[in-house]
Amino acid sequence: MGITLREVAVRAGVSPITVSRALNNTGHVSTETRQRVSVAVAELNYVPNAVASSLRSNRTQLLALLLTDVTNPFWTTVARGVEDGAMEAGYGVILCNTDEDQVKEARYLDLLLRRRIDGLVVAPTTESTEVLQHLMRRSVPFVLVDRLVSGVAADSVRGDSRGGAYDLTMHLLQTGHKRIGMISGPPTVSTAEERVMGYLDALREGDIPIDVDLICYGPYREGWGREATLKLLSRQPRPDALFAANNFIALGVLEALSTQCLRVPEDIALVCFDDATRFAVGGPFLTTAAQPAAEMGRVAMRLLLDRLADPGRDLQDIVLPTELVVRASCGCKGSTEYPN
């Protein structure tokens with residue numbers, strides 16, 4: 001049988017309630033008394049009963065993070081930011097990968113609710129409305145990261161998809177490209193729609209006629225990047241530049257261009273949303289709209305912790321700026337060198 005709270009109290013020369021207050025940071029406990037309790041805990045190797053503690057406080061100190069694809073470096077960096085923020089606040093994080101599958105997302109949420117998590121950060125799948133409304137009915141705090149869902153009112157943090165897409169498209173126009181193919185994500189995902197909107201904003205500003213045949217919607221996957229690239233290359237006249245809506249799509253674009261013996265940027269320019277330097281061989285070369293992924297994760301966790309501390313506060317929607325990173329793939333003068 002393990003050491004009890006009462007035994008710690010006897011060793012420290014205080015009451016059991018004082019030990020409880022010192023360990024849980026509740027009520028007033030002097031610095032001297034807190035130090036005596038800490039010494040007693042160390043000497044007796046006391047381990048608090050987490051189950052009993054969670055029953056008393058109605059908190060488990062467990063949070064969850066639901067991501068769509070943990071193999072994507074963007075999401076792993078977001079996860080690191082979430083985890084760092086949680087650990088600093090004394091919480092553990094359960095990581096779940098949904099693969100853009102609503103059934104898998106719903107199963108994970110059912111499991112997490114049975115584990116009595118205190119709250120979660122979620123990058124919703126393409127059809128999350130029903131699942132997230134279930135969380136709202138259960139009064140489970142959650143924060144949306146990267147994506148919004150129509151009809152779901154929640155705290156959120158995301159990158160400026162529209163602004164970043166505008167910057168990329170305008171950069172291509174300024175470097176002489178006029179026929180730009182847009183390979184976007186699913187039309188039911190807010191980031192995909194916002195990136196198309198930014199692309200269209202730039203074309204309108206540049207007085208470029210909009211050709212809907214140059215806009216392709218599909219999953220945020222390499223396979224879609226390959227398929228859409230081959231489709232766009234069949235258009236006449238052929239695009240002189242391609243815009244990949246995320247880094248995985250960009251990989252598929254590069255693979256498809258290679259099969260057609262087309263070089264980037266000599267034969268066709270390429271830009272993408274989200275930095276892809278971790279995929280680079282020989283050096284990064286893709287011009288990108290880079291999102292502050294780690295900061296996005298940290299902000300999401302801060303929003304969740306604030307919601308746990310004050311359930312009635314106003315909702316927040318935080319939009320973080322993107323950074324235009326110009327490299328060789330856009331083909332503009334002065335960007336032919338691979339940067340370090």
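In the predicted model, I183 stands opposite A244, a residue of strand β8. Strands β6 (180–184) and β8 (241–244) run parallel and are joined by 4 bridges; two strands count as paired if DSSP finds at least two bridges between them. On the β9 side, A244 has C272 as its bridge partner, and β8 and β9 likewise run parallel, with 4 bridges. Within β8, A241 and F243 point one way, whereas L242 and A244 point the other way, and all are buried. Buried here means under 20% relative accessible area, exposed over 50%, and partly exposed in between, with a 1.4 Å probe and protein chains only.

These strands belong to an open sheet of 6 strands with mixed pairing, in the order β7-β6-β8-β9-β10-β12. The edges are formed by β7 and β12 (323–325); each has a single partner strand, so one side of each is left without a neighbour in the sheet. On average, neighbouring strands of this sheet are turned by 15° against each other, direction ignored. Axes are lines fitted to C-alpha atoms, for helices over the stretch in contact, and angles run from 0 to 180 degrees between N-to-C directions. Strand β10 (residues 287–290) and β12 run antiparallel and are joined by 3 bridges, and A290 stands opposite E323 in β12.

Helix α8 touches β6, β8, β9, β10 and β12, and its direction makes about 170° with that of β9. Helix α9 touches β6, β7, β8 and β9, and its direction makes about 165° with that of β6. Contact means heavy atoms within 4.5 Å.

The largest nonpolar core has 47 residues, and those with the most contacts inside it are Y199, F243, I249, V253 and L257. Such a core is a set of buried Ala, Val, Leu, Ile, Met, Phe, Trp, Tyr and Cys residues joined through side-chain atoms within 4.5 Å. Elements that each supply at least two residues of this core include α8 (161–174), α10 (222–233) and α11 (247–259). The largest share, 6 residues, comes from α9. Leaving aside its neighbours within four places in sequence, Y199 is in contact with residues including Y166, M182, I215 and F243. A second, separate core of 25 residues includes L63, L65, L67 and V82. In soluble globular proteins, nonpolar side chains tend to be buried together.

The count of aromatic pairs comes to 1. Rings of Phe, Tyr and Trp (its six-membered ring) pair if their centres lie within 6.5 Å; planes under 30 degrees apart count as stacked, over 60 as edge-to-face and the rest as tilted. The pair consists of F74 and W75, is edge-to-face, and has 4.9 Å centre to centre and 65° between the planes. Both F74 and W75 are buried.

Over the whole chain, the secondary structure comes to 12 helices and 12 strands. Helices (H or I, at least four residues) and strands (E, at least two) are DSSP runs, numbered from the N terminus. Of the 340 residues in the chain, 50% are buried. Among contacts between residues at least 6 apart in sequence, 70% join residues at least 24 apart. The chain exposes about 16,400 Å², of which carbon and sulfur atoms supply 51%; accessible areas come from the Shrake-Rupley method with a 1.4 Å probe, and for residues only the protein chains shown count as cover.

Residues are numbered from 1 along each chain as its sequence is written, and side-chain values use heavy atoms, with hydrogens and water left out. As this is a predicted model, local features need pLDDT of at least 70 and side-chain atom pairs count only at pLDDT 80 or more, while totals for chains, interfaces and linings use all residues.
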